[in-house]
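Here is a short exchange on how labels are assigned in a model. Each answer sets a value against a cut-off.

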Amino acid sequence: MYCNACGQRVKDGAHFCENCGASLREPNAIASYAPQAPGRHSSRNAANPYKDQIATRKLEIKQLKLELKHITSGMSNTRSQYYQTAAFVPHGLLRLGYKWFEDLRLLGPQQQKQRLQQEVMRLEQELIDLQQAQMEWKTGR
């Protein structure tokens with residue numbers, strides 16, 4: 001099998017091309033024959049093909065974690081508003097309805113937070129895979 005990005009032969013089961021660092025998990029990333037045109041990667045990346053991708057993944061993870069903090073902060077504000085005003089709502093069904101309304105307000109942010117956490121985990125796994133591939137590349141030089 002060959003990498004569609006650079007045309008180099010890739011190991012079976014590899015997640016990233018050892019030559020150019022391209023992800024082999026994407027559709028059409030692997031060809032059964034060497035592509036005609038060489039890849040778009042510059043000779044600058046030949047020194048360490050994983051460096052740029054690792055830096056990009058780290059930046060993406062930081063951005064998602066910052067977004068997670070923003071969502072968590074908003075959810076915290078919603079909860080504190082509820083606790084500040086809940087004491088003034090009469091006991092019984094009215095208070096229960098008030099609590100359900102507050103839970104409903106938090107449903108969207110909670111789902112968004114879960115999606116972001118899953119994305120962070122996926123990117124962290126990709127980062128680990130890239131770092132492992134980089135280590136293999138360095139030891140195989």
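Q: How do you know what the numbers and values rest on?
A: The model is predicted, so local features need pLDDT of at least 70 and side-chain atom pairs pLDDT 80 or more, while totals for chains, interfaces and linings use all residues. Residues are numbered from 1 along each chain as its sequence is written, and side-chain values use heavy atoms, without hydrogens and water.

Q: Why is Gln134 called buried?
A: Buried means under 20% relative accessible area, exposed over 50%, partly exposed in between (1.4 Å probe, protein chains only). Gln134 has 12%, so it is buried. Gln134 lies in helix 2.

Q: What makes the pair Gln134 and Asn48 a polar contact?
A: A polar contact is a pair of N or O atoms within 3.5 Å; within protein, one must be able to donate a hydrogen and the other to accept it, and residues adjacent in sequence count only if both atoms are side-chain atoms. The side chains of Gln134 and Asn48 are joined at 3.2 Å, so the distance meets the cut-off.

Q: Which residues is Gln134 in contact with, leaving aside neighbours within four places in sequence?
A: Contact means heavy atoms within 4.5 Å. Asn48, Tyr50, Lys51 and Ile54 are in contact with Gln134, once those neighbours within four places are left aside. Ile54 is among the buried residues of helix 1, and the buried residues of that helix pack against helix 2 (93-139).

Key:
Helices (H or I, at least four residues) and strands (E, at least two) are DSSP runs, numbered from the N terminus.
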